[in-house]
Structures are given as structure tokens and as C-alpha cells.
Amino acid sequence: MKASGSAKPKRRKAAGSSLRYEHRRDRRADGTGSGKRDRGWVFGCLTVPVAALALLGPVVWLSMSWGPGIWGDLAPAWPGGAYVFAGCVGACVPLAFLAFVAPLTRMDWKRSRLASLGWALASLPGLAAGWLVAGIITATLRPKRRRDWYGSCRTRGGPCWVHEEYPFLWAAGLAATVAIVALLIWLFARNVRSTDGSAAATGPADSPASPAT
């Protein structure tokens, strides 16, 4: 006799505990486990303060070590006075930035690692100049609280002394920075126009006329 159509199909047996354990272990072995993510997060958190310290450390040191001497002795004796000196410092801001960034744009590690390393080394003088300019500017920043404006702040070359002797020092530096940035933009635009004009003048020659049929 044939089996009745109402008979229920048999259920498959569940996988053993050992098989389920092997599946979870293989899934963690592909590198997507939480362990590597945690290590990457910790590494990122440690990199940020180290990089900030490496960049801001020289600026703070220059401001504290050379700031009073620069603004108390060098700036007043500069040709034209402290305002002209502030203008020169402001003009050096975009120039130092350009000297640092321009070599880095020439780097191409895929094409030549040696040449890229040379361009990276060529950017170091711009970085050093940026540190120096930033340290000189930082030396003129007064504390926010007026109760901290006593002591070394009011001594010759201190931030409070600089603002009292030359109240429009920031305007001279800012005006020079804006003027140099505008000049660099104008030179860049002029270079682009001249390059486009020369490329159009030396474009591909006209195709030869087709022979008469």
C-alpha cells in the first residue's frame, strides 16, 4: 500500500553545538572582529594629541623664548618701526604656507619614491618658516582675563606692552597678508591664462584637405 498523503515530513536535526561554534570562530577570523576595530580607535586617539603636540610645541617654545626680544627690541628698531615689521610678518604668512604646500603637490609615490622623498624634504623649510611666523604672532596674544595682564605681560616686549605701544599692530599684519594673498591669486590666474593662450596658439594643425575625386 502507498503511504498516506497526510503523513508529515520529518524535521531535520539541528546542527550540533560544535558546528555552531566553528561557524562563529571562522567569522571572527576574517579580521572584522571587534578587537582590531578597538585597536584602530585607540591608535587614532593617540595619534591626534601627538601630532598636535609636534605642531604646536615649537610654536609655544618660540613664543615664550624669543617673543619678548623680538617685539621689545627687534620690532621697534626695524626700518619703519614696529608697524612695518608687523606688515613683513603678515606678508610671510601666505609665503611660508606656499613654500610648504607647493613641494607637496609635486609628490607622486607611485611614479617615483625617491623624487617624492626629495619634494617632501623640500617642504621642510616652509614648515620651519611657518613655525617661526606663528611663534612671532602668538607672542602678541594677551590672556583673556584682565587679572592675568600683570607681571611678564606688561614688561617690555610682552603681549600687553605690545598692544599698548602699538594698538593697530594687528591691522598692519592683516593688511599685508590680504595683499600678498591677492597678489598670489593674480599671478596664478595670469599664469593660467598665458598657459591656455599658448596651448591654443600651438594647437593641432589643420587636417590636410582630402584629395579631389
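Accessibility classes are used throughout: a residue is buried when its relative accessible area is under 20%, exposed when it is over 50%, and partly exposed in between (1.4 Å probe, protein chains only). The model is predicted, so that local features need pLDDT of at least 70 and side-chain atom pairs count only at pLDDT 80 or more, while totals for chains, interfaces and linings use all residues. Residues are numbered from 1 along each chain as its sequence is written, and side-chain values use heavy atoms, with hydrogens and water left out.

**Salt bridges overall**
- A search of the whole structure returns 3 salt bridges, each being a side-chain nitrogen of Lys or Arg within 4 Å of a carboxyl oxygen of Asp or Glu.

**Asp73 and Arg156**
- The side chains of Asp73 and Arg156 form a salt bridge with an N to O distance of 3.9 Å.
- This pair links distant parts of the chain, 83 residues apart, with Asp73 in helix 2 (residues 34–77) and Arg156 in the loop between helix 5 (124–138) and helix 6 (159–165); helices are DSSP runs (H or I, at least four residues), numbered from the N terminus.
- Asp73 is exposed at 53% relative accessible area, and Arg156 is exposed at 52%.

**Arg154 and Glu164**
- Arg154 pairs with Glu164 in a salt bridge whose closest N and O atoms are 2.2 Å apart.
- Arg154 lies in the loop between helix 5 and helix 6, whereas Glu164 lies in helix 6, 10 residues apart.
- Arg154 counts as partly exposed, with 34% relative accessibility.

**Arg111 and Asp108**
- The closest N and O atoms of the salt bridge between Arg111 and Asp108 are 3.9 Å apart.
- Arg111 is exposed at 72% relative accessible area, whereas Asp108 is partly exposed at 32%.

Technical notes:
Helices (H or I, at least four residues) and strands (E, at least two) are DSSP runs, numbered from the N terminus.
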